[in-house]
Amino acid sequence: MNYGMFRVASASLKLKVANPSYNKNEIKNVIDAALKKHVRLLVTPELSITGYTCADLFFSEDLYRQAELALQDIVRYTRDENIVVIVGMPVRFYNSLYNCAVVIFNGDIKGVVPKINIPNYSEFYEKRWFASGKQFESCQPINLAGYDTKIGNQIFDLGSGAVLGIEICEDLWVSNPPSSELCLHGANIIVNPSASDEYVSKAKYRYDLVSNQSARCICSYIYSSAGVTESTTDLVFSGATLICENGTMLASGKRFSRENEIIIADVDIEKLNTIRQKDTSFNNISSEIGFSEINVFNEDNDLKYRYVDAYPFIPSNKDEIKERCEEIFAIQSSGLAKRLEHVSSQGCVIGISGGLDSTLALLVSVEAMKLLNKPVENILGITMPGFGTTDRTYNNAIMLMKSLGVTIKEISIKDACLQHFSDIGHDESIKDITYENTQARERTQILFDIANKHNCLLVGTGDLSELAMGWCTYNGDHMSMYAVNSSVPKTLVRYLVDYVASISDEATAEILYDILDTPVSPELLPPDSNGQIAQKTEDNIGPYELHDFFLYNFVRFGFGKEKLSALAEKAFANTYDRKTVDKWLKVFLKRFFISQFKRSCIPDGPKVGSVSLSPRGDWRMPSDADMRSFM
């Protein structure tokens, strides 16, 4: 199982300028290091065989001859090895000299790619030595160092869904990088052998450039630049190495090292291809381009060099979390304000339980009313104690509504539910699904009718995770007039409430922090003997942090069960073992499939992230799809 991963590496080298005989040995050293780590694609810097700063020595017959001999040795060194190696050297073709990347695999040269954009400004004088690869309208046959191959702009099928494209240094810095076209031809791994000198602030610009291009092209981008040992005259190089995937930096190496440096990452080819398939703006083009098959054997992958985010809905940086929550809260409240305005609603009706979801919905409603310059008293907060309501949640619900200044109404549902049990012939001592759903539907009926009575909009409180798991009562808490939390996962709800607490007055914040500490529960079963919550959601359906992880990766990328399990095992290595992961993954998949009928008729709600289950937008699934192929 390689889980759709492909292991790649970027190296900066300890070289001697104009000494191919020395440089080839350093290249062989990093090949050895990469092979020990089961790397399948290794990228070395621009002109790595000769060094970038040879200047007019590029015209020397001796240098060129030594470069070809070094290339021959490197090619032979890869025989019977399962790795693609990219090296750089000057290449003669008829009457011109080209700055090229040479693709080597298993004792053969698979192709030669020339640099297209030749810099000739500031400290760069490359047009003095090199012609542009634009001259090649199509790939041409060439014999290089005794190997028959072809030169020109081309892509390489590495097997296992991985397709390689190459651009060289300056090619990335222009307004229309060759990688854009290469990716439209199918390349999902772009490599850039480079020689980028350093000056103040350039490293950050380079980092962003690589990251942004990988995002625009929905690709993995592997960048390898000349190291400090190539520094000469006015130029200093740092050996920058970067591996990026669709805008996310997977690995970045140490700069200014005086030894060989190599960084490794497992890039997710399956993920990239899935995103491209979903993005219908990402269209293939049919213009001519060279194509070669290499077919690297992509063996089992242990994910050693793959960072797996356990909380994909939540940024890892505290400042980013605050910024994300501020934006999501604004989206929710603005969406609700627009709906209130559109239907000429006097205000909002919300069922307040003292739990996280209803708390967030109430906070959003308060903000929406402020945006419309409407009094918050026009929000009717309804608390509806039932058989499972505890003092803690009840008191928090009342105190929060008082603190926010909304209108409070309390309606007990106990007598109505008992009457309903009698009407349908249900024994109230039987605490089954009928017992629970009766309460949920009674509450929803009350909320809808009060909304009608007061010309208000019923604001839904259910979140994205509950929709994914079907953890809602059909035509009960499943239904509302506008569902503000419908694309907010449970793990993110906590951060949103915490964010609002951080900007609230002291009294409100204290209540919100206690709500954050309360166990997640629908409170539809009686409390325990100590009056505490007995029905804890995660005891029944599993940890929400796991389910949100499964949800993100299943819906966003379509990952299969084996890959979901392997990724979760790594992401939660210190929390859950593989057996536990597999147990709850099975629960997730089963509940996700059998619950689609609920999602097929959910109310409108604001989309806040890349994963949403709205049947009108992001997720359209047959309600009766057979789950067996996915289990």
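Biologist: What makes you say that the charged end of R599 sits over the ring of F592?

Modeller: The distance, to begin with: the charged end of R599 is 4.1 Å from the centre of the F592 ring. A charge sits over a ring if NZ of Lys or CZ of Arg is within 6 Å of the ring centre and within 35 degrees of the ring normal, so R599 over F592 makes the list. K16 and Y22 make it too, with the charged end of K16 sitting over the ring at 4.6 Å from its centre. Bear in mind that this is a predicted model, where local features need pLDDT of at least 70, side-chain atom pairs need 80 or more, and totals for chains, interfaces and linings use all residues. Side-chain values use heavy atoms, without hydrogens or water, and residues are numbered from 1 along each chain as its sequence is written.

Biologist: Why is the aromatic pair of F550 and F588 called tilted?

Modeller: Rings of Phe, Tyr and Trp (its six-membered ring) pair if their centres lie within 6.5 Å; planes under 30 degrees apart are stacked, over 60 edge-to-face, and the rest tilted. F550 and F588 are 5.8 Å apart centre to centre with 50 degrees between the planes, so they pair and come out as tilted.

Biologist: And why is the pair of F592 and F593 called edge-to-face?

Modeller: Their centres are 6.3 Å apart and their planes sit at 70 degrees, so that label applies. By this rule there are 31 aromatic pairs. One aromatic cluster takes in both of these, its members including F550, F588, F592, F593, Y311 and W619.

Biologist: What makes F550 and F588 a link between distant parts of the chain?

Modeller: They are 38 residues apart, F550 in helix α16 and F588 in helix α18 (residues 578–594). Helices here are DSSP runs of H or I with at least four residues, strands are runs of E with at least two, and both are numbered from the N terminus.

Biologist: How do you know whether F550 is buried or exposed?

Modeller: Buried means under 20% relative accessible area, exposed over 50%, and partly exposed in between (1.4 Å probe, protein chains only). F550 has 0%, so it is buried. F588 is also at 0% and counts as buried, as do F592 and F593. Across the 631 residues of the chain, 56% are buried.

Biologist: What makes β1 and β14 a pair?

Modeller: Two strands pair if DSSP finds at least two bridges between them. Eight bridges join β1 to β14 (residues 261–268), running antiparallel, so they qualify. F6 stands opposite V267 there. β1 also pairs with β2 (residues 41–43), in the parallel sense over three bridges, and A9 has L42 as its bridge partner.

Biologist: What tells a cavity from a pocket?

Modeller: On a 1 Å grid over the protein atoms alone, a cavity is a set of points where a 1.4 Å probe fits but cannot get out; a pocket is an open set with protein on both sides within 12 Å along at least five of seven lines, and lining residues have an atom within 4 Å of a point. There are two cavities of 30 Å³ or more, and the largest cavity holds about 130 Å³. Among the 15 residues lining that cavity, G462, L467, D477, H478 and A483 are closest to its centre.

Biologist: How do you know what volume the largest pocket has?

Modeller: Grid points are joined across faces, edges and corners, and the volume is the space filled by probe spheres set on them. That gives about 1300 Å³ for the largest pocket. T248, D309, P312, R324 and Y552 are the closest to its centre among 39 lining residues. β13 (248–252), α7 (318–342) and α16 (544–557) each give two or more residues to that lining.
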